[in-house]
Amino acid sequence: METEIELKFFVSSDFSRQIRDKIADLKVLQQRQRNLGNIYYDTPDFLLRQHDIGLRVRRYDDVFVQTLKTAGRVVAGLHQRPEYNAELDSPVPDLSLIPADAWPAGLDVEALGANIHPLFSTDFERQQWLLAMPDSSQVELAFDCGDVTTTDGGYDPICEVEIELKSGQTDALFVLARELAENGGLRLGNLSKAARGYRLATGYQGDLVKPLSIVKVGDSESTEQAFVTALEHALEHWHYHEQVYVERPEPDAIFEMCNAVALIRQALALYGGLIPRRASALLRQELQWLEGELDWINEARAIERLVDDKGYFLRKLNVQKPLLAKLSENYEALPERSEVLELLHSARYCNLLLDLSRWILTRGWQPFLDDKAREKLAEPIRSFANRALTTSWNELLSVFSLEHELDRFGYLDQQPRLTRNLLSGCCVAALYDVEDRETFRLPWLDLLQGIDDILLLDPVRKLAEEEDFSEEDKAQIEKWLRRKEESLSHAMMQSRQIGLNLDPYWDE
């Protein structure tokens, strides 16, 4: 068995010229160009896919090689998957050549062999360079250009760069990747050729936007492992929704990318007592930059809600139509899809993902730790989680106590604090009873939604101040805004009362 460690990028068809420029100063140990044909196999009910297993037979020259890839990790384009290879005499798979321990427990390999059939093919030209890196690591760089096809005529073009570690340090992959990303034009890829083939074969139209979920941290994890789990969870959510947006114009995917970035920043803050801020200074700076680049998404979502269903939300206002026209005009002034795609293919964006992936993989905070911090990070996560949640809870009690009468401005001032506290819970809440934690979090999530609803009114308030409406119309808008805020304030007070009366779900 071998463990394949590689970075994958989606690029344009002329990227090979950029590759040659970037590797000009490196020692090329081997260079070749060849045509590769791959047939992927599965059962009619996609049994292998259900187990996250890929089975292919690759043809090059007169050689056939069978490869079985089992479940592994994919973090922002970094693929780590165990694989089993064996030479064949034909393109027909021979499952007897695969070790028994490679298969999931309980899988009937004999029945599997009788049911597998060709599902799709990937055929491409591969330009390949074996490079000697400055640290003596050897890295294989490949540029693939071709297509994925299915037996019923499905087609998807292939244009990818893969960087695979052949020997030495994983860090060498990232050094070369940063060189390639210097001028932009490439995007880290989390969809393998096999995944794209399965999409074609099953008629899959793409992934749906999904909300940020609780981090799946377990009691057996150390505090450091839980920190890594939170970062990888956020990074997976981020990269998943990047792919969604690239495939189709889905603004909510950008919103979820922003949620993932916020979770990363909060994880850095939550564990900041153990991991010095200077260890993540550059990452936090770049994450803040990206948040700034994408902060238009909140205005976009607010306008979409206001104009939805022909402006039903504004139906009671006499100036509904001019408001809708102006809101639509403001929406058109927001960044276009082409601008967002350009950002997602930019060098700075790509390098942020590369640096974050490398920081997680190599435990880039370790050189900044003292012995006491290392001991604390090695402790089980539960004690840390209890302390962190108690601190968070006390903070909420202090600012949302019923003794404080919060108006619109007060709630808006506390939105960042409430968001941070909920994200802290997101990092560790999986350690506790599901029903208890969901009951406890619900009123605070409702309160956050109420603040979002207050923000929804801002575009209307701003237009009422800027536009040349009559005094009568302005008075109506002001009265309408006041009623909306009073209704929201009443509902939010109820959420606070419920939330403050609940017992914490963690052990104190």
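Let's begin inside the protein: 5 cavities of 30 Å³ or more are counted here. Keep in mind that this is a predicted model. The largest cavity holds about 130 Å³ of space.

## Around the largest cavity

Which residues line this largest cavity? The lining is made up of L389, S392, W393, L396, N421, L422, G425, F440, R441, W444, Y505 and W506. By class, 8 of these lining residues are nonpolar, 3 are polar and 1 is charged.

At least two lining residues come from each of α14 (381-400), α15 (408-428) and α16 (434-456). The largest share belongs to α14, with 4 residues in the lining of the largest cavity.

## The second largest pocket

Now for an open space: the second largest pocket has a volume of about 1,500 Å³. It is lined by 37 residues, and those closest to its centre are F255, N259, T419, L448 and D452. Two or more lining residues are given by each of α7 (251-270), α9 (296-311), α15, α16 and α17 (458-466).

Which element gives this pocket the largest share of its lining? That is α16, with 8 residues. The lining of the second largest pocket divides into 18 nonpolar, 7 polar and 12 charged residues.

Technical notes: Residues are numbered from 1 along each chain as its sequence is written. This is a predicted model: local features need pLDDT of at least 70, side-chain atom pairs count only at pLDDT 80 or more; totals for chains, interfaces and linings use all residues. Side-chain values use heavy atoms; hydrogens and water are left out. On a 1 Å grid over the protein atoms alone, a cavity is a set of points where a 1.4 Å probe fits but cannot get out, and a pocket is an open set with protein on both sides within 12 Å along at least five of seven lines; lining residues have an atom within 4 Å of a point. Grid points are joined across faces, edges and corners, and a volume is the space filled by probe spheres set on the points. Ala, Val, Leu, Ile, Met, Phe, Trp, Tyr, Cys and Pro count as nonpolar, Asp, Glu, Lys and Arg as charged, and the others, Gly among them, as polar.
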